[in-house]
Amino acid sequence: MLTSHHPRSREPHQPVPAARGEVAGTGGHVLAVGTPGPGLDRLTRTLVSTGHEVSHAAPGEVGHRMRQSPPDAIVALDDAHDGLEVIREVRSVPAGRALPLLMVTSGSGPTAVADMLRGGADDCLPDDSDPVELSARIEAKLRRVPVPVENLLLDPRTGLYSQPHFLGELDRELKRVDDSRSGGVVAMVGVAEIAALEARLGPRVRREVAERLAGVAEKLGGVCDRLGWDDEGHLLMLMPGVDEDTARRELQKFANAVAGTRFVVADENVRLTPAIGWTPLADCADRAQAVAAARNAVNESVRHRDLRPVKYAAWMRGSHRRRRPLAAALRALLSALSPLLVLLFGVGIPFVFYQQMYELGWDIGSAAYWVVVSGLVLSAGLIVLECLFALDAEPRPERPAQPYPPASAVIAAYLPNEAATIVDTIESFLRLEYPNELEIVLAYNTPHPMPVEETLREIARRDPRLVLMPVAGSTSKAQNVNAAVTRVRGEFVGIFDADHHPAPDAFQHAWHWLSHGYDVVQGHCVIRNGESSWVSKLVGVEFEAIYAVSHPGRTRLYTFGVFGGSNGFWRTDLLARTRMHGTMLTEDIDSSMRALHEGARIATDRTLISRELAPTTLKALWNQRSRWAQGWLQVSLKYLWRALRSPAFTRRQKAGLLVLLGWRELQPWLTLQILPVLLYSAWRAGGVDQLDWAVPVCLLATLFTLSAGVVQALFAWRLAVPELRRRKAWFWRYLLVSTFFYSHFKNIVARQSLLKEVLRDRQWRVTPRPGEKAVKRI
């Protein structure tokens, strides 16, 4: 038997030095695997007596011990005839794939030994072998002639294919696809932060990052068949025989897992943004084309930083999409004609339809009349219901459930638009009160250097809480936020536009919610330039109707919030794996919907105040509300059907989503049906003068619909912040303007947004910010 007269090790889970008088460590570090007991003790004494440093691991703990203290060789006991399980465990860990692995058996027959050798063991010997033989076998494995990594099929430390071997596998797979057309995908994974990491930590991080990404892919399993890496540190993924939908789902799952993991790279804790590009093998003539296509798609993915895998398209070969003058001209013409198109589709076609159906004996127009009346009454009833529920909105917890953690603020800015306001905004953030560390990250983009940047750099030199983060190539708020979320150190992060001035205690109050089990909390945005124009006065009251009444009322009525944008506070881990999608015009609502699908809890707090600037002209208001309306439409098209089918939502929540995402899109078109219905009624009656306008039901419905606006204005005044509540004249003006103009204005905008979305006109028109000198304080 394997015996020795040397004392047993002092600590069963620590490396064991050789006994006094022996040459310690000459045989290297050996991990002894086995169930604690006499057999493992004997093996330990034998290894120590022959000059090896020993650490231990029980079956099931091998991967953890190898990552904690990588050994030079592994010796495992087959004492419970579980040798194959131990072998699989060792070889499943990237670091264990190329390590020498010797099995010490007890009574195992030739068949069992053969199975272990075929299963991945390098050697087997019985437990009654001489200790000298065991040591010699270990050292023989350790003295194997080293082979350059690039000449190995697999990297010994990571289990990744080297680039030449991966490309060889890709060649073989491309040939199979060419022969059988069986599908398949090749993907490349980059990291958006890799340049910054390399500048800070050195070139070795590229290899380390690829290893970390491979570890996540192997843990997830799935359809990825082979993993490799290239000289630039990209992870290469070969997914043979899968269709595009499956590949996209698996790659998205991988991206979310990476974004939700904190990695240790070069001894530093970092968060990574995977940038995934992929292309179907069937679209590639050879491996060079496949790799180039995946790399171009990675470059496009890096721009957005939104975790979505990007499929290669031909236009990605250049830096911009190829312009199509004819299509652009046609789109511009249809956009210019959109008011006429709205009348055509919303009034003309329905009128002709009602008329023709009447000629065929079907009085569809009269039925449409009652549908319209019912719709108006329903809309008014929902407004009144939200107002009533807003009175009893859930109050903010008085005290936090946990101590205040480090926090971060992210201010997303487009500097040419924010130059007049950004310095004042930064100074307001630096005056915030918070009992722990609070960093302020300004994530901004600008097409050219600006003088205000030097002012900002001077402030950052004076106050280290301010972190300036230029986001090269950014074209949206979403890209700025996505770039910042991997940089922030706070446990939670507040997101703000560049004109926001949060209340001094905003971050403390936000943590009261988050520490009590919420994942996102949306605050109350208050207009601070209401005196600037009649438009800003109107918006000032409207924001009270939205943030003080509608959002709290809907949250309590439907048991969830749906907004986490400006003056929204997120748990950093949730935002890191959710991100914002720049293709969505209301990226914050889109992110909130994806968070809700994950089971996140979103609170609304009208006492969590941040003051911002309102548009001051009707044109600026039109552009802002047009973007909002089209953004809501995008969210509705993307999530309504999915949400109604999802088991993540209760029936009450689904009813709320049906109202928020379905009814809100239908209602503007339903109100427009008043016109074709009246035209039809006049045509059928023989003229407008022949209509009876005093129908009791119609009068009552009209009065109830108008009263909803009165109720909303009254509740907005009742729940408004004190500085606005004093402005009673503003609320009277809002009531009149909203009743006779603004409600119709918003309905027109909503109808226009549908045509813009159909035409794929998704241009972001920036809301101009007035200079601070032009802002009249309330």
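Five strands form an open sheet in the order S2-S1-S3-S4-S5, and their pairing is parallel. Strands here are DSSP runs of E with at least two residues, and helices are runs of H or I with at least four residues, numbered from the N terminus. Two strands count as paired if DSSP finds at least two bridges between them. The edge positions belong to strand S2 (53–57) and strand S5 (123–126), each of which pairs on one side only. From one strand to the next, the twist averages 25°.

The model is predicted: local features need pLDDT of at least 70, side-chain atom pairs count only at pLDDT 80 or more, and totals for chains, interfaces and linings use all residues. Residues are numbered from 1 along each chain as its sequence is written, and side-chain values use heavy atoms, with hydrogens and water left out.

Within this parallel sheet, strand S3 (residues 73–78) pairs with strand S4 (residues 101–105) over five bridges. Leucine 77 stands opposite valine 104 in S4. Helix H3 (residues 83–92) packs on the sheet and touches strand S1 (29–33), S3 and S4; contact means heavy atoms within 4.5 Å. Helix H4 (residues 110–119) lies across S3, S4 and S5.

Another open sheet of five strands has the order S7-S8-S6-S11-S12, with mixed pairing. Strand S7 (226–229) and strand S12 (310–311) each have a single partner strand, so one side of each is left without a neighbour in the sheet. S7 and strand S8 (residues 235–240) run antiparallel and are joined by four bridges. Glycine 228 has leucine 236 in S8 as its bridge partner. Helix H9 (residues 244–259) packs on this sheet, touching strand S6 (184–191), S8, strand S11 (274–280) and S12.

Axes are lines fitted to C-alpha atoms, for helices over the stretch in contact, and angles run from 0 to 180 degrees between N-to-C directions.

| H3 (residues 83–92) | S4 | about 165° |

Helix H15 (residues 422–430) and helix H16 (residues 451–462) meet at an angle of about 15°, with their axes 10 Å apart. That makes H15 roughly parallel to H16, a term for angles under 35 degrees. Ile422, Val423, Ile426 and Leu430 of H15 make the contact with Val452, Thr455, Leu456 and Ile459 of H16.

Technical notes. Angles under 35 degrees count as roughly parallel, over 145 as roughly antiparallel, 65 to 115 as roughly perpendicular and the rest as oblique.
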